[in-house]
Amino acid sequence: MVHRKTMFPYLLLLLLAHAGWVTTADLENYSLVKNIFILAGQSNISGRGGVINHSLRPGIVNESWDGVIPHECESNPSILRLSGGLKWVEAHEPLHKDIDVNNTCGIGPGMPFANTVLKKDPSIGVIGLVPCAVGGTSITEWAPGGFLYKNMIKRTKAATRGGGKIRALLWFQGESDTKTLEDAKMYKVRLERFFKHVRHDLELPNLTVIQVGIATALGPYMELVREAQREISIGNLKYVDAKGLQIGPDYTHLTTAAQIQLGQMLADAFLRPN
């Protein structure tokens with residue numbers, strides 16, 4: 001028996017396709033995606049692996065991505081991404097290219113995460129990644145009601161139109177909140193509020209959150225923010241620590257090799273029983 005609740009999203013997409021608002025390919029991709037993962041935060045989850053600053057002058061940025069894609073980050077027909085235009089397409093690096101549009105994007109943890117999950121659990125089905133991260137953003141810029149927050153919720157709800165299940169939020173942010181003592185001290189309260197609102201607005205009170213502990217900082221209060229991250233007290237929260245992973249020459253962003261390691265660590269955390 002096919003339940004009405006299960007059929008409704010697909011019937012809605014059929015109507016949209018008939019009206020010309022989505023294509024047949026879109027309809028097929030929406031029905032394929034079974035596992036949805038949100039990627040949010042700032043530049044180290046957006047991805048800067050392989051990004052090179054060619055400028056020799058301090059404070060001047062002239063960046064490009066080297067285009068190198070290790071096999072752990074290669075495309076896979078079973079890994080899709082929600083584009084900036086809210087369509088499912090085959091995922092490829094840079095994953096955030098049409099999301100983090102004011103920055104030069106490179107390798108991030110999303111593709112090695114998805115490839116590792118598929119390798120370790122081939123039966124999981126098609127993975128849909130929903131990139132939402134924007135470089136240089138603070139936790140206050142992710143506050144509920146703000147542009148970044150509303151865009152993330154909008155994109156995530158659009159991703160579920162074919163009936164896929166939201167499996168986890170992958171969150172890597174905090175470097176920008178190391179600049180002032182006040183922001184570092186308020187980080188725990190602000191982040192807990194963010195997580196609680198995400199769960200409420202997505203109607204998923206037990207949504208798995210996998211948080212990455214920061215490894216670099218834009219200010220002097222990194223340890224205060226790291227302490228706040230470790231002390232977050234909500235259920236079904238997993239913690240992965242990026243400290244110790246290789247940092248690039250800008251002393252801020254993870255290298256390609258480090259992003260691969262991080263993606264694999266995130267996959268292991270997701271697959272690990274609570």
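Start by selecting Asp-241 and Arg-226: their side chains meet in a salt bridge, 2.8 Å from N to O (a salt bridge is a side-chain nitrogen of Lys or Arg within 4 Å of a carboxyl oxygen of Asp or Glu). Asp-241 sits in strand E9 (residues 237-241) and Arg-226 in helix H7 (residues 222-230), so the pair ties together parts 15 residues apart in sequence. Helices (H or I, at least four residues) and strands (E, at least two) are DSSP runs, numbered from the N terminus. Arg-226 is buried, at 5% relative accessible area, while Asp-241 is partly exposed at 27%. Buried means under 20% relative accessible area, exposed over 50%, partly exposed in between (1.4 Å probe, protein chains only).

A word on what you're viewing: this is a predicted model, where local features need pLDDT of at least 70, side-chain atom pairs count only at pLDDT 80 or more, and totals for chains, interfaces and linings use all residues. Residues are numbered from 1 along each chain as its sequence is written, and side-chain values use heavy atoms, leaving out hydrogens and water.

Next, pick Asp-268 and Lys-120, another salt bridge at 2.5 Å, N to O. This one links distant parts of the chain: Asp-268 is in helix H8 (residues 256-271) and Lys-120 in helix H4 (residues 110-120), 148 residues apart.

Last stop: Glu-192 and Lys-188, a salt bridge whose closest N and O atoms are 3.2 Å apart. The two are 4 residues apart in helix H6 (residues 181-201), about one helical turn.
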